[in-house]
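Colleague: Please take one part of this model and go through it closely, with the cut-offs behind each term. I would like a single connected account.

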Amino acid sequence: MIWYFARSSGIVAYALLSASVVIGILMAGRTRFTWPRFAVEEVHRFLAILTGVFVLLHGATLFLDSVVPMSVAQELVPFTSGYRPFAVGLGVMAAELMAAVGISNHFRKELPHAIWRRIHYLTLGVWLLATGHGLLAGTDRFDPWFAALAGAAISSTLMAAYVRFSPRRLPA
């Protein structure tokens with residue numbers, strides 16, 4: 001039962017992270033939304049916080065799992081897991097980088113905006129690491145439904161990046 005909760009919490013965390021990243025990329029590009037900007041920012045913030053909750057649930061349930069036991073050190077030190085060390089290491093790095101971005105958000109008002117924004121761009125690294133983690137470590141990675149979810153996350157993020165960095169002004 002714990003293994004199912006660990007898997008599902010990781011998948012939900014990835015879907016939430018992807019949605020937050022897409023909104024964040026579009027907001028950074030000054031895309032015009034039909035919703036007021038403050039509402040879009042609140043949705044982005046809510047998705048990011050909820051992502052953190054599900055990442056914590058994912059890690060905690062993996063710690064409690066008896067099928068693939070993980071020690072505290074393996075959950076904190078990348079590439080030390082006995083189970084697919086490289087893939088799990090990507091997930092550990094993603095979680096730790098996400099925590100660093102979250103801490104910087106807490107101190108956003110104390111940081112110069114340019115520094116906060118540069119730190120915030122590390123979220124793209126979080127998303128890339130989490131994508132690699134899910135594609136390499138997940139037990140569902142070969143299932144068609146997961147391929148569809150990962151494909152939707154990857155294509156929507158790439159489309160948002162195209163809109164963000166396109167020389168022409170494109171609608172969201």
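**A loop residue and its surroundings**

Modeller: Val67 has a relative accessibility of 60%, so Val67 counts as exposed (exposed is over 50% relative accessible area, buried under 20% and partly exposed in between, with a 1.4 Å probe and protein chains only). This is a predicted model, in which local features need pLDDT of at least 70 and side-chain atom pairs count only at pLDDT 80 or more, while totals for chains, interfaces and linings use all residues. Residues are numbered from 1 along each chain as its sequence is written, and side-chain values use heavy atoms, without hydrogens and water.

Val67 sits in the loop between helix 2 (37–64) and helix 3 (72–76); helices are DSSP runs of H or I with at least four residues, strands are runs of E with at least two, and both are numbered from the N terminus. Between Val67 and Leu26 the C-alpha to C-alpha distance is 40 Å, with 41 residues of sequence separation.

On one side of this loop is helix 2. Its 28 residues reach 41 Å from first C-alpha to last, close to the 40 Å expected (1.5 Å times one less than the number of residues).

Beyond helix 3, the loop between helix 3 and helix 4 holds Phe79 and Arg84. Most residues other than glycine have a negative phi. Phe79 has a positive phi, near 70 degrees, and Arg84 also has a positive one, about 40 degrees. Phe79 counts as partly exposed because its relative accessibility is 39%, and Arg84 is partly exposed at 31%.

Helix 1 and helix 7 (residues 144–165) pack at about 15 degrees, with axes 8 Å apart (axes are lines fitted to C-alpha atoms, for helices over the stretch in contact, and angles run from 0 to 180 degrees between N-to-C directions). Helix 1 is therefore roughly parallel to helix 7 (under 35 degrees is roughly parallel, over 145 roughly antiparallel, 65 to 115 roughly perpendicular and the rest oblique).
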